[in-house]
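I opened this notebook to record what I looked up in the structure. The entries follow in the order in which I made them.

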Amino acid sequence: MTDNGKPLFKKLALIGVGLIGSSIARAARKHGLVGEIVGSARTKETRRVALELKLVDHAYENAREAVKDADLIILCTPIGTYEGIAKEIQDVLSPGAIVTDVGSVKQKAVEAIEPHIPSGVHFIAGHPVAGSEKSGPAAGYAELFENRWCILTPSEKSDEAAVEKLSEFWATLGSNVEKMDPKHHDLVLGITSHLPHLIAYTMVGVADDLSRVTDSEVINYSAAGFRDFTRIAASDPTMWRDVFLSNKEATLEILGRFTEELFALQRAIRTGDGDMLHDYFTRTRAIRRGIIEAGQDTD
């Protein structure tokens with residue numbers, strides 16, 4: 001809610017009411033940021049749950065109906081759907097409205113959405129760096145964004161006043177707001193999020209193959225490290241398929257560097273180079289301390 005007691009936005013349209021969309025709805029209501037919330041979802045069941053949980057005031061099957069008269073539209077669907085949605089809603093967007101998204105790849109988001117945004121409507125790509133392996137409207141919670149980063153990647157066409165208004169929205173939800181170039185965002189998130197997911201999917205896939213040989217001992221005797229991999233690998237497969245296809249260049253670059261590091265560790269183990277392993281593990285341990293000190297996790 002603004003200083004004058006009025007909502008920051010009159011009508012919020014959520015395109016997709018899964019984990020992120022439902023969390024935005026809960027947090028926006030908690031902080032009195034919007035007057036009305038509507039949503040669109042492809043499945044009847046998702047719409048039913050969203051209404052039953054009072055996440056939205058109205059639920060629609062298509063995005064076109066949802067965005068009418070909305071002054072804030074947030075795309076909370078997989079990146080592969082962005083261009084189709086932008087084309088669907090472009091001629092019913094209200095002048096002055098802000099269109100944004102929550103995808104973890106930003107350059108492709110700009111390329112997919114911005115060309116279809118009419119004059120007088122403001123598009124600002126965004127990424128709340130928050131989530132879990134769970135999905136669906138019932139999985140969300142209002143505190144999801146508290147003390148987490150939300151990265152906005154405005155383009156040259158983005159209106160400065162609209163960027164500041166959207167920044168205020170995310171900051172009120174509890175996020176630390178940062179502005180970043182879209183390509184730089186994709187490189188940073190490629191290291192901190194995308195590659196770790198790819199490694200987790202690979203590790204769990206290897207274990208699945210091995211479990212067939214060992215009568216599921218891999219599953220039965222899972223240590224904490226492997227359980228963390230399985231949690232990450234349980235994330236939405238459609239979303240992550242689109243992430244890797246959309247951030248191909250950065251992912252492949254970082255994957256190449258990861259492979260080189262892996263070969264170096266393999267060589268150290270083969271040759272018994274304990275000093276190299278100890279120095280490497282000491283250096284990487286400091287990264288964990290930095291994350292805790294930054295308040296992005298607990299000890």
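**Entry 1. The model.** I noted that this is a predicted model, in which local features need pLDDT of at least 70 and side-chain atom pairs count only at pLDDT 80 or more, while totals for chains, interfaces and linings use all residues. Residues are numbered from 1 along each chain as its sequence is written, and side-chain values use heavy atoms, with hydrogens and water left out.

**Entry 2. Terms.** I took helices (H or I, at least four residues) and strands (E, at least two) as DSSP runs numbered from the N terminus. I call a residue buried under 20% relative accessible area, exposed over 50% and partly exposed in between (1.4 Å probe, protein chains only). Contact means heavy atoms within 4.5 Å.

**Entry 3. Cores.** I looked for nonpolar cores, that is, sets of buried Ala, Val, Leu, Ile, Met, Phe, Trp, Tyr and Cys residues joined through side-chain atoms within 4.5 Å. The largest has 35 residues, and Leu 12, Ile 24, Ile 74, Phe 169 and Trp 170 have the most contacts inside it. Two or more residues each come from β1 (9-15), α1 (19-30), β2 (34-40), β4 (72-75), β8 and α6. The largest share, 6 residues, is that of α1. I then listed partners of Leu 12 beyond four places in sequence; among them are Ile 24, Ala 28, Val 38 and Ile 74. A second, separate core of 30 residues includes Val 67, Ile 79, Val 92 and Ile 113.

**Entry 4. Gly 16.** I found Gly 16 in the loop between β1 and α1. Gly 16 is buried, with a relative accessible area of 11%. Leaving out residues up to four places away in sequence, Gly 16 touches Gly 21, Ser 40, Cys 76 and Thr 77. From Gly 16 to Ala 63 I read 8.7 Å, C-alpha to C-alpha, although 47 residues separate them in sequence.

**Entry 5. Helix α2.** Which residues of α2 (residues 44-52) are buried? I listed Thr 46, Arg 47, Val 49 and Ala 50. They lie on the same side of α2, because they cover an arc of only 165° around the axis, taken from the directions from the helix axis to the C-beta atoms. The face turned away from that side carries the exposed Lys 44 and Glu 52. The cover over the buried residues of α2 includes β3 (58-60). Just after α2, Lys 54 has a positive phi of about 60°.

**Entry 6. A sheet.** I traced an open sheet of 3 strands in the order β7-β8-β9, with mixed pairing; strands pair if DSSP finds at least two bridges between them. Its edge strands, β7 (125-128) and β9 (176-179), each pair on one side only. Strands β7 and β8 (residues 149-153) run antiparallel and are joined by 4 bridges. His 127 stands opposite Ile 151 in β8. Helix α6 (residues 160-172) packs on the sheet, touching β7, β8 and β9, and its direction makes about 150° with that of β9. For such angles, axes are lines fitted to C-alpha atoms, for helices over the stretch in contact, and values run from 0 to 180 degrees between N-to-C directions.

**Entry 7. His 197.** I placed His 197 in helix α7 (residues 182-211). His 197 is buried, with a relative accessible area of 14%. Beyond its neighbours within four places in sequence, His 197 is in contact with Ile 232, Ser 235, Trp 240 and Phe 244.
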